[in-house]
Amino acid sequence: MQKTNKGKMKISRDGLVAGLMLTPALIFLIVCSIYPFIWIFRYICYDYNGFTATFTGTRNITRMLGDKTFWNSVGHTFEYAAYKLIFIIPLSLLMAVLLNMRMKGSNLFRGMYFMPTIISTSISGMIFAFIFATKNGIANSILMDMGVIDSPIKWLMSRDWVMVTVTIMAIWGGLGNYMLYFTTGMNGLSEDVYESAKIDGANGVQTFFRITLPMLSPVLKVVLMLAITSAFKDYEAIMVLSKGGPGNRSMVMFLYIYNLIFGATDSTSQAQIGYGALLSIMAALIVGTVTIIYNIVAKKLDDVV
Amino acid sequence: MEKGHAVYSTQTKILRGLIWVFMLFMAVLMIFPVIYIVFGSFKGNSELLVGGTNIFPKKWVFSNYSNAWQQANFARYTVNSIFLALGVMVVSLINSTMAGYVFSRRKFKGKEILYGIFVMFMFINVGSVSLRPLFELSVKLHMNKSLISVILISAGGGQATYLFLSRGFVNALPMELDEAAKIDGCTFFQIYRLVILPLLKPVMATIALLSFRQGWNEYILPLVFTMTNENLRPLTVGVNMLKNAGDGAAAWDIMFAGASIAIIPMLVIYCIFSRNFMSGMTAGAVKG
């Protein structure tokens with residue numbers, strides 16, 4: 001700043017101001033993103049409960065390799081992501097196509113489909129816990145009234161049903177998002193192609209598979225990528241809805257890690273931060289690997305088609 | 001929209017009718033949980049514990065809200081939620097417009113690399129473990145006695161999206177504006193304050209909505225930070241703590257009312273600004 005030249009001084013003062021204006025974002029980046037990231041690595045070889053840390057060498061790693069609960073939770077994460085994607089992608093695409101027909105009330109419908117995304121996932125987990133309560137939940141009441149089932153389904157209390165319930169909630173909470181991505185993608189498609197398809201006598205289904213879907217494939221690829229990564233990271237709603245139970249049946253890996261690091265909500269077990277940190281890295285690697293594999297597959301498909 | 005109907009054959013009309021009914025059915029399914037919880041919050045506890053298929057209360061009870069408000073400390077939680085949401089909003093607005101402006105208009109060494117780091121950390125997600133060091137840090141700095149640290153961490157964690165939004169918006173503004181202002185003697189900051197900021201209103205509205213929602217809906221972060229301090233809990237945490245306390249079946253009426261208090265303000269905002277929410281979501285996804 002101690003430049004003799006007057007013009008230069010003005011520039012450097014502007015530079016200083018620019019630096020100051022960028023400072024909050026930089027501090028946030030360093031404190032909220034970079035620092036925690038480095039911190040994780042510090043404790044991976046320690047047994048750390050929040051107060052005292054003891055060096056344990058490779059014990060955390062051997063424990064991870066033999067930790068059935070963790071690897072089961074990884075399996076459940078894949079299972080959850082698969083269920084969620086299988087239903088949510090076609091359904092949101094379908095809703096986007098139907099909305100694109102611009103029938104009466106389309107705007108209102110779109111607003112209603114998107115509405116769940118503005119509700120806190122913790123609250124929606126709670127709402128679904130009420131709806132799917134075994135004894136007095138409205139889902140069982142309606143199904144029994146309609147004669148679909150004879151006795152109440154244990155939506156959240158049985159190992160067979162809990163993933164169904166979790167999936168239903170995930171579809172409800174995410175449908176609006178993906179629908180909106182598809183709608184936006186479709187708005188970018190040219191009208192002319194549809195005109196000529198119509199003249200050629202293509203019906204709605206033909207138009208969809210021959211025109212909309214191929215033209216939408218770049219959007220589809222991005223949406224799929226977003227859907228995959230976000231499905232692997234979901235745990236907030238599950239934490240509220242089923243707490244990972246019963247018997248860890250709906251325990252996904254990030255929920256298991258949360259319980260290790262901050263202690264499970266309904267137990268008094270001590271935090272195991274070092275081990276949790278190691279599992280976090282493992283989980284991030286798993287998500288990263290899945291993303292990379294997806295990208296390779298998507299590219300291969302691109303070359304084929 | 002109606003013009004085309006004349007040319008549709010009867011078959012097409014029936015098909016379109018069926019599609020419309022299906023769309024209506026989906027819409028009802030989507031809003032059902034919210035309708036159920038909001039109307040359920042006016043039911044008595046005994047009615048809720050018995051269950052049944054009725055959505056509207058058999059007997060309208062309004063004391064759930066006053067009970068939640070007074071006995072269950074929801075007045076406190078609501079104030080905390082508003083403070084948290086407004087805080088995240090204000091910090092995000094100031095931070096992202098300033099940083100977006102600098103990133104768009106200023107040339108400096110390593111700008112692209114720095115920008116790349118911002119993007120990179122948007123995708124690196126190690127989950128809740130990153131809250132542990134931040135929690136310990138805020139204890140060390142004696143910042144765990146207020147929600148300020150929660151606001152800063154929430155705003156800091158979500159800043160990348162908002163930064164991209166505002167940088168993209170400033171990029172679209174013509175450079176001539178800056179040059180003209182510079183000739184008139186404006187400094188770098190004055191150009192931001194007097195020229196750019198007023199033009200950023202549309203994107204600021206989007207950032208305001210998205211960041212307000214983010215703060216209002218934040219759960220894990222305030223949960224961790226208010227573990228031992230009940231008076232700092234926002235609604236999301238408060239109402240869930242109620243669920244965890246006891247066997248959970250005891251106070252359905254208060255929980256319904258509490259959940260309603262937590263979602264109704266957001267629903268009202270959504271009804272007014274739904275378009276901005278949707279455009280913000282897609283813009284964020286495309287830019288990000």
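Trainee: Why is Arg102(A) called exposed?

Mentor: This is a predicted model. In it, Arg102(A) has 10 other C-beta atoms within 10 Å. The cut-off for exposed is 12 or fewer. The count of 10 meets that cut-off, so Arg102(A) is exposed.

Trainee: Where is Arg102(A) placed?

Mentor: Arg102(A) sits in the loop between α3 and α4 (106-114) of chain A.

Trainee: What is phi of Arg102(A) near?

Mentor: Phi of Arg102(A) is near 50 degrees. That is a positive value in a residue other than glycine.

Trainee: Asn248(A) also has a positive phi. What is the value near?

Mentor: Phi of Asn248(A) is near 65 degrees, and the residue is not glycine. Asn248(A) is in the loop between α10 (236-241) and α11 (253-262) of chain A.

Trainee: What makes Asn248(A) partly exposed?

Mentor: Asn248(A) has 16 other C-beta atoms within 10 Å. Buried needs 20 or more, and exposed needs 12 or fewer. The count of 16 falls in between, so Asn248(A) is partly exposed.

Trainee: Which residues does Thr69(A) contact, leaving aside its neighbours within four places in sequence?

Mentor: Thr69(A) is in contact with Asn248(A) and Tyr256(A), once those neighbours are left aside. Thr69(A) itself lies in helix α3 (residues 68-99) of chain A. Thr69(A) and Tyr256(A) are 187 residues apart along the chain. Their C-alpha atoms are separated by 8.3 Å.

Trainee: How do you know whether Thr69(A) is exposed or partly exposed?

Mentor: Count the C-beta atoms. Thr69(A) has 13 others within 10 Å.

Trainee: Now chain B. Why is Ser138(B) called partly exposed?

Mentor: Ser138(B) has 19 C-beta neighbours inside 10 Å. Buried requires 20 or more. Exposed requires 12 or fewer.

Trainee: What surrounds Ser138(B)? Which residues does it contact beyond four places in sequence?

Mentor: Ser138(B) is in contact with Met143(B), Asn144(B) and Ser149(B), leaving aside neighbours within four places. Ser138(B) lies in helix α6 (residues 131-140) of chain B. Phe32(B) is 106 residues from Ser138(B) in sequence. In space the two are 41 Å apart, C-alpha to C-alpha.

Trainee: Why is α5(A) called roughly perpendicular to α1(B)?

Mentor: The axes of helix α5 (residues 121-131) of chain A and α1(B) cross at roughly 80 degrees. The range for roughly perpendicular is 65 to 115. The angle falls inside that range, so α5(A) is roughly perpendicular to α1(B). The axes come within 10 Å.

Trainee: Which residues make that contact?

Mentor: From α5(A) come Ile127(A), Phe128(A), Phe130(A) and Ile131(A). From α1(B) come Pro33(B), Tyr36(B) and Ile37(B).

Trainee: How does that contact divide by class?

Mentor: The contact of α5(A) with α1(B) has 7 nonpolar, no polar and no charged residues.

Trainee: How many residues of the two chains are in contact overall?

Mentor: In chain B, 66 residues are in contact with 68 residues of chain A. The side of chain B that touches chain A has 43 nonpolar, 18 polar and 5 charged residues.

Trainee: Which residues touch the most other members of the largest nonpolar core?

Mentor: Ala129(A), Leu241(A), Leu255(A), Ile257(A) and Ala259(B) do, in a core of 160 residues. Helix α14 (residues 252-287) of chain B gives the largest share, 14 residues. Leaving aside neighbours within four places in sequence, Ala129(A) is in contact with Leu156(A), Val240(A) and Leu241(A).

Trainee: How is chain B divided into domains, and where are the bounds?

Mentor: Domain 1 of chain B is 3-63, and domain 2 is 71-287. Their C-alpha centres lie 33 Å apart. The contact takes 10 residues from domain 1 of chain B and 9 residues from domain 2 of chain B. On the domain 1 side, α1(B) gives the most, with 4 residues.

Trainee: What are the domains of chain A?

Mentor: Chain A has domain 1 (6-60) and domain 2 (67-304). Their centres, taken over C-alpha atoms, are separated by 33 Å. The contact takes 10 residues from domain 1 of chain A and 10 residues from domain 2 of chain A. Strand β1 (residues 46-48) of chain A gives the largest share of the domain 1 side, 3 residues.

Conventions
Residues are numbered from 1 along each chain as its sequence is written. Chains are lettered from A and ligands numbered from 1 in the order in which they are written. This is a predicted model: local features need pLDDT of at least 70, side-chain atom pairs count only at pLDDT 80 or more; totals for chains, interfaces and linings use all residues. Domain bounds come from an automatic or database domain assignment. Two residues are in contact if their C-beta atoms, placed from the backbone, lie within 7 Å. Helices (H or I, at least four residues) and strands (E, at least two) are DSSP runs, numbered from the N terminus. Ala, Val, Leu, Ile, Met, Phe, Trp, Tyr, Cys and Pro count as nonpolar, Asp, Glu, Lys and Arg as charged, and the others, Gly among them, as polar. A nonpolar core is a set of buried Ala, Val, Leu, Ile, Met, Phe, Trp, Tyr and Cys residues joined through C-beta atoms within 7 Å. Axes are lines fitted to C-alpha atoms, for helices over the stretch in contact, and angles run from 0 to 180 degrees between N-to-C directions. Angles under 35 degrees count as roughly parallel, over 145 as roughly antiparallel, 65 to 115 as roughly perpendicular and the rest as oblique.
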